[in-house]
Amino acid sequence: MKPPVWHLLEIIDVIAKLGTRPEGLTETEAAERIAQYGRNEIIRRKPIRPWQLLLKQIANYFIFVLLFAAILAFAVSYLPGESGRRLTGFFILGIIVLSVALSFFEEYRAQKELEALDKLLVFKTSVLRAGTIQKIEAAEVVPGDILVLSHGQKIPADARLMEAHSLRTDESALTGESVGVDKSPEPVAAEAVLAERTDMVYASTYITHGSGLAVAVSTGMITEVGQIAETLGLMTERPTPFQVEVQKMARQMTVIVACLAAVVAAILLLVLHEPPVDVALNTLSLAIATIPESLPIVLTFALALGARQMARRKAVVRRLSVVESLGSVDIICTDKTGTLTQNLMTLQRLYVNGRMVQGTEDLRQNPAALELLLDGILCNEASLDNANNGEIQGDPVDTALVKAALLAGLDLEQSRKEYPRLNLIPFSSERKMMTSIHTKDGRNLAITKGAPGPVLSHCSGCREGTQEYRLADSHCQAIRQQVGDLQSQGFYVLGVASRELPMGVAPDQVESEMTFLGLLALIDPPRLGAADAIARAQGAGIRVVMITGDNGLTAQAIAGTLGIGQRVVDAREMGGIDAEALIEKMKEVDIVARATPQVKQQVLQALQAAGHVVAMTGDGVNDATALKQSDVGVAMGLRGTDIAKESAAMVLLDDNFATIVAAIEEGRRIFDNIRKFTNYLLSTSLGEVFVVLALSIAGYFPLSAIMLLWVNVVTDLVPASALAADPVVPHVMKRRPRRHDEPILNKSIYATIAGSIFRTLIAYGLIFWVGLQFGGVTYAKSMLFTSIVLHAFTRVMVVRQLDSLSLWSNRALLISYAVAVGLQLLALYTPLRSLFGVIALDWRAWAVMLPVTAGSSFAGVYMTRWILKLFPLWEK
């Protein structure tokens, strides 16, 4: 059954449909409804258990391939005389355990740092039951309860207003509107969007002004907040571009392994006529050598390193793979309120005596402007909480005026003592203004503040200095022009008027024949550093799109100050657009105004369908679905709601938009380094394989499986991990974003890998041949085994030519190479050599290995530069 349209109904019909009464439910009725509707709570999201997180790390393509290799090694070890193969199996299992443990630890730590705070509605609230006001837990509120609303209160449920006395709410977390919403019991049209339902109040929003009564119509998961939470629960997380690429690379490597294994098996079986058991063992050795076992570990290390770097910059990553995905972002869809702006209304301009006053210093030196501001804080319901360090409490607009007055040197308490208030005609959404009556020196003074149009309609003239003009005069008409100009710039504009009241004035005449004094222009100002961050993002080829619940004029004004384009579309115009038309329309839109959560999600889907990698920043409940739908959701940690934080892949602990751009830079650095160490690992592994293949054809099998695994760990894991820590290159934020389908291994990388294999075949072949001449097969194997370790460092230097980094820019890399060489010397000149089946090398071997590897390195540098000219690493 379709629920009633509560905002359309008269309050008497609402009460009847809910089966309640103006004096509220009885305790018995409330208990029955708790049993019927359930507690007023958002259903808590089940946290990922440690064992589930562990299974997530194991369910990885690379891990499955390594597990297969380990199982095969164990299986072969049970053949007669092949028990030594068991050590190979344990070695591979050790690699798997290390990779899974590191990945599990990093994600588990991030999850613990950011455990979602699901209890959004756990607080006390006042309700009317059986005619008596009671304080109960918000979770016990049921449909039909009469809510007693007061200033500063958090609303516990969606409710239809019964009474409203100058009532105003802050719905920014739900709608994105930075200005408070005036409330009234009068019904509104059925088609009114959530931000325009002035007769409704909503769970998890706040009362900023006034008081009232409302009847709860929806609780728990049926509220607007609850429906958003339910939508999030039904959504599945998209795999990140990086996850897709790594899985694709794993499949490519599996094909390479299968092809090489088939070729070797055919040669050994058909050409060299080896026994089937030897064929299986040698094929296993090659398979192990071809798969760079350390790649999963280094990938995880690189992402974890990036996550820790971001944490130092006040950004907590909830999923490691998102670190790299940030580097692929080409569109940032950002909310306005609280993300680009401070979510803090601020007085910026005053129009008085025919001129505009800007800035605190200008204000202090202008007596007329100070007098106008004084009127603004007298006709004002904000107050100072001296028990709480003088915190200003009240409606955002009133508090902004009080804050400006204090900065200008006005004393709020002293001013209100000098002009004590006698009476107040409260603000209402129908009148759009309020009037306060004060007394001083035996005179009564009425001050009116509100929307300029209604205030002017109660005026007979305006004042400039000591001169007063009739309303039809050009001096007064200029006020309307100023109002239009300010509103077009996105300002929230207030008019102020006053009148000295004659004795015995009738109450309905208090607001007539007033004199207009001036205008107060407020705005939610941009966050410091936001404009620079946007400019930097745009310089990096990233498009910034503002998606906000605010109106178009306000959004355009903020966008203009921040450097975002001015092409705006109202979300209400997008209701009937099909998916294809929306994709085309979003190519020409910079701002989506009046956006609902559903529209935000549709816009994101359109951008993603067009091939973009989209990041969404936000802090409100209204951002949650879009945060989860985006490729990289970024929530604000200080201002953000719990639902927003849980939906995001990354949370900014300082709410600084500039941190997003820094994170994107870090993501690009991580991808550059992933590309470098992947190039390094594959070129060294494949180089070893082709040498083994070539020498096998010549009748030798130069490296055992345990030797290949040792080389892969010592020369792959340590230097590759150091490569992951390479510094960012200066031009990283001056190139375009990487396409979502651009692979880690592009033409340039494949070409450099092919060149490396070619050089390796020549260098290793020469070294092995010299070793045969010096001391036979074992001597040659020992030389080849050691040369691979020496060659690793030269290969690292060649790979770093991709970014033109100097030798000394990464100290960890130099240390890692020293460690690798030290370990290799232990393998050669200690009893460990018996494990590998090698012998200690004399000076003759070193006299050959050092110049050959050095020569190969120089050749690699020049070959890489030549390849990069033919196949640029980054497309223009």
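Predicted model: local features only at pLDDT ≥ 70, side-chain atom pairs only at ≥ 80, totals over all residues.
**Why these labels?**

Reader: Why is Arg355 called partly exposed?
Author: Arg355 has a relative accessible area of 38%.

Reader: What makes Glu361 and Arg364 a salt bridge, and where do they lie?
Author: Their side chains meet at 3.0 Å, N to O, and the limit is 4 Å, so this one counts too. Both residues belong to helix H12 (residues 360-364), three residues apart, or about one turn of the helix. Glu361 is at 48% relative accessible area and Arg364 at 41%. With exposed set at over 50%, both therefore stay partly exposed.

Reader: What about Glu584: which residue does Glu584 pair with, and why is Glu584 not called exposed?
Author: The partner is Lys587, with the closest N and O atoms 3.1 Å apart. Glu584 sits at 46% relative accessibility, and exposed begins over 50%, so Glu584 counts as partly exposed.

Reader: How many salt bridges are there in the whole structure, and which residues are linked in a network?
Author: A search of the whole structure turns up 28. Arg21, Glu23 and Glu29 are linked in a network of such bridges. Side chains of opposite charge can pair when their charged atoms come close.

Reader: Switching to strands: how do you know that strand S4 pairs with strand S6?
Author: S4 (residues 158-170) and S6 (residues 200-201) share two bridges, in the antiparallel sense. Pairing takes at least two bridges, so S4 and S6 qualify. Ala159 stands opposite Val201 there.

Reader: And which other strands does S4 pair with?
Author: With strand S5 (residues 181-182), S4 has two antiparallel bridges, where Thr169 stands opposite Val181. With strand S7 (residues 206-218), S4 has 10 bridges, also antiparallel, and Asp170 faces Tyr206.

Reader: What makes Ser204 worth a look, and why is Ser204 called buried?
Author: Ser204 has a phi near 75 degrees, a positive value in a residue other than glycine. Most residues other than glycine have a negative phi. Ser204 lies in the loop between S6 and S7.

Reader: What is phi at Lys432, and why is Lys432 called partly exposed?
Author: Phi is near 60 degrees, again positive in a residue other than glycine. Lys432 is in the loop between strand S14 (421-425) and strand S15 (433-440). At 41% relative accessibility, Lys432 lies between the 20% and 50% marks, so partly exposed it is.

Reader: What makes strands S8 and S22 edge strands?
Author: Eight strands form an open, mixed sheet, ordered S8-S26-S25-S24-S9-S21-S23-S22. Strand S8 (315-317) and strand S22 (568-570) each pair on one side only. Neighbouring strands are turned by 20 degrees against each other on average, direction ignored.

Reader: How do you know that S22 pairs with S23?
Author: Three bridges join S22 to strand S23 (residues 591-593), running parallel. The requirement is at least two, so the pairing holds. Val568 has Ile591 as its bridge partner. Helix H19 (residues 552-562) packs on this sheet, touching S21, S22 and S23, with its direction at about 150 degrees to that of S23.

How values were computed
Residues numbered from 1 in each chain as written. Heavy atoms only, no water. Helix = DSSP H or I, 4+ residues; strand = E, 2+ residues; numbered from the N terminus. Axes fitted to C-alpha atoms, helices over the stretch in contact; angles between N-to-C directions. Contact = heavy atoms within 4.5 Å. Buried < 20%, exposed > 50% of the residue type's maximum accessible area, 1.4 Å probe, protein only.
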